[in-house]
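Visitor: Could you take me through this structure? I would like to begin with the metal site and then move on to the helices.
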Amino acid sequence: MENFVFSNETKIVFGRGTEALVGVETAAWGKKVLLHYGGGHIVRTGLKAVVEKSLQEAGVEYIELGGVQPNPRLSLVREGIDLIRKHNIEFILAVGGGSVIDSAKAMALGALYDGDVWDFYIGKAEPKKAMPVGVVLTIPAAGSEASPSSVITNEDGWLKRSVDNVILRPRFAIMNPELTFTLPPYQTACGVADMMAHIMERYFTNTREVDLTDQLCEAALRSIIKYAPRALEEPENYDVRANIMWAGTIAHNDLLGTGRVGDWASHTIEHEISGIYDLAHGAGLSIVFPAWMKYVYKHDIQRFVQFAARVWGVDPDYHNPERTVFEGIRRLEEFFKRMGLPVRLSDADIPGDRIEEMAAKCTDNGTRTVGRFVELGQEDVLNIYKLSL
Ligand code: NZQ
Ligand code: ZN
């Protein structure tokens, strides 16, 4: 097992009605707040009114910035930074999903930085300080509510890039599973694919003797596999939604990655797809992850056999371990399909004519590799895109 530091300060306030506590939680951090949200589902469901009432009752002043799009854009981040400076904002409250939270985190960095916020996303600047951010989560998916990451798309070149630093972890996350009852099936499914991917990125590791975290990963995956189809069938079943919601946080708050080196190639490969085609990140992952598995499994067949057996209940075939590996991958694909997700680019109506360009962008024209389990160069990434056609 590797050395590690695990510190996750995000205060989780979980359960029915907890959105009404947002005013009190926010007031502990600031009295002048930017209320940040997306395309407006929170207006339609009435959540925005509840949040505003709670802020007012706690004596918190706020200005609003809505309009975050899925795959959040740099231009809105810049607009938010200007607003924050102009109004002496002390705290950013993100009400929504990963896109809103990531946009808020970007503003939190940019508002305290003299240069251009994009510098952090291209490695030109290291995050040193960030404004505090709080969250009311409405979709279990990205895990951004407790993660140290922010992923932003720069419209200039459609580059989707991330920054990771512990100072970006939100100060609190309010999580009421009832708020997820309104999620359309496709968004529910995309969220599920993303959280499964976060676990699998950590699971496929070269670190030896990490059975504790292997088994934590497997348990989290099995629970998601059990509850996710029920979330589609019974969208208003509180306990089903609650298990999925908590799984989404645990998948990406770094507990499952303690003491092990994760891979993250599939995420990097996926970001080129959602960056260019504006596909939901989870749908990109349900396409890329099985293709990645088919390409790299020979690197550690035993780990893939373990995955197939312990997560998918495949009976290991000791004479032909590859058969076990492929049965595990097949069950993963079948699960994604059952959830209504694409498993090929063509399923998502994405043509294959830009895969060379994507492989080049993903590896900075072959100057860097992606992935830690297996280090992949430009040619490898291209082969994975080919497997996903
Ligand atoms: O825009 P609104 O009106 O809020 O609608 C959203 C949006 O259209 C809708 N939605 C959210 N909650 C809802 C709801 N609709 C009805 N009822 C509800 N309760 O769902 C749509 C998708 O929202 P979005 O925030 O984009 O989803 P998600 O949480 O999956 O976030 C995706 C973004 O997070 C990034 C992805 O790359 C992508 O840009 N990621 C962030 C990570 C991180 N910060 O740690 C890690 C991930 O790997 C990921 O890359
Ligand atoms: Zn993800």
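Predicted model: local features only at pLDDT ≥ 70, side-chain atom pairs only at ≥ 80, totals over all residues.

Visitor: Which residues coordinate the zinc ion (ligand 2)?

Guide: The donors are Asp194 through OD, and His198, His267 and His281 through NE2. Their distances to the zinc ion (ligand 2) run from 2.0 to 2.2 Å.

Visitor: How are the donor residues spaced in sequence?

Guide: The spacing is D-x3-H-x68-H-x13-H. Histidine 198 belongs to helix α6 (residues 185-203) and histidine 281 to helix α10 (residues 281-296), so this pair ties together parts 83 residues apart in sequence.

Visitor: And are histidine 198 and histidine 281 buried or exposed?

Guide: Both histidine 198 and histidine 281 are buried.

Visitor: Let us turn to α12. How many residues does it have, and what distance does it reach?

Guide: Helix α12 covers residues 321-338, which is 18 residues. From first C-alpha to last it reaches 26 Å, close to the 26 Å expected at 1.5 Å a residue.

Visitor: Which elements do its buried residues pack against?

Guide: The buried residues of α12 pack against α6, α7 (211-233), α10 and α11 (301-312). Among those buried residues are Val325, Ile329, Leu332, Phe335 and Phe336, as well as Glu333.

Visitor: What comes just after α12?

Guide: Glycine 340 is found there, with a positive phi of about 85°.

Visitor: Last topic: how many disulfides are there?

Guide: A search of the whole structure finds zero.

Visitor: Where do cysteine 190 and cysteine 362 stand, buried or exposed?

Guide: Cysteine 190 is buried at 4% relative accessible area, and cysteine 362 is buried at 0%.

Note on methods: Residues numbered from 1 in each chain as written. Chains lettered and ligands numbered in written order. Heavy atoms only, no water. Disulfide = S-S within 2.5 Å. Buried < 20%, exposed > 50% of the residue type's maximum accessible area, 1.4 Å probe, protein only. Donors = N, O, S within 2.8 Å, 3.2 Å for Na, K, Ca; no water. Helix = DSSP H or I, 4+ residues; strand = E, 2+ residues; numbered from the N terminus. Expected span 1.5 Å × (residues − 1). Contact = heavy atoms within 4.5 Å.
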